[in-house]
Amino acid sequence: MDWLDEVRWDAQGLVPVVAQERDSGDVLMVAWMNREALQKTAQLGRAVYWSRSRGKLWYKGEESGHVQQVHDIRLDCDGDVVLLKVTQLGHTPSIACHTGRHSCFYQRLDVAQGRWQAVDPVLKDPEAIYR
């Protein structure tokens with residue numbers, strides 16, 4: 001059996017993927033992969049996702065230079081979520097988010113005020129990243 005057949009793809013042929021920084025344990029982002037993206041990620045040792053908005057493969061860092069080197073690929077117990085342990089390259093400190101932040105999870109719920117609050121700094125202006 002092909003290892004890709006063990007993944008439980010959704011109705012669109014996609015699986016959610018969590019990218020976690022290997023050294024810090026920080027969750028950097030969540031994205032989607034189709035079969036080809038997961039296969040290319042395994043072959044290249046570099047994160048390749050499926051961009052739902054663009055309808056094509058997205059080689060992480062192809063525009064920003066913020067590439068994810070993949071060290072480990074894991075599948076959860078249900079077979080329907082993939083975890084990548086990565087080193088985020090291209091900027092120090094590392095930037096994974098298109099907003100210029102280290103992680104896409106930069107907003108924290110302020111329960112008392114009932115709103116989301118940005119708690120992590122912008123490390124690089126997105127205008128400078130995506131010119």
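Colleague: Why is Asp80 called partly exposed?

Modeller: Asp80 has a relative accessibility of 26%, and since buried means under 20% relative accessible area and exposed over 50%, with partly exposed in between (1.4 Å probe, protein chains only), Asp80 therefore counts as partly exposed. This is a predicted model, in which local features need pLDDT of at least 70 and side-chain atom pairs count only at pLDDT 80 or more, while totals for chains, interfaces and linings use all residues. Residues are numbered from 1 along each chain as its sequence is written, and side-chain values use heavy atoms, with hydrogens and water left out.

Colleague: What makes Asp78 partly exposed?

Modeller: The relative accessible area of Asp78 is 44%, so Asp78 is partly exposed.

Colleague: Where does Asp78 lie, and where is the place of Asp80?

Modeller: Asp78 lies in the loop between strand 5 (68-75) and strand 6 (82-88), and Asp80 is placed in the loop between strand 5 and strand 6, where strands are DSSP runs (E, at least two residues) numbered from the N terminus.

Colleague: Which residues does Asp80 touch, not counting residues up to four places away in sequence?

Modeller: With contact meaning heavy atoms within 4.5 Å, Asp80 touches Arg8, Val15, Pro16 and Leu75, leaving out residues up to four places away in sequence.

Colleague: What feature does UniProt place at Asp76, Asp78 and Asp80?

Modeller: The UniProt record, an unreviewed entry, places the feature "binding site" at Asp76, Asp78 and Asp80; positions are given in the numbering used here, feature names are shortened, and annotations may be inferred rather than shown by experiment.

Key. Helix = DSSP H or I, 4+ residues; strand = E, 2+ residues; numbered from the N terminus.
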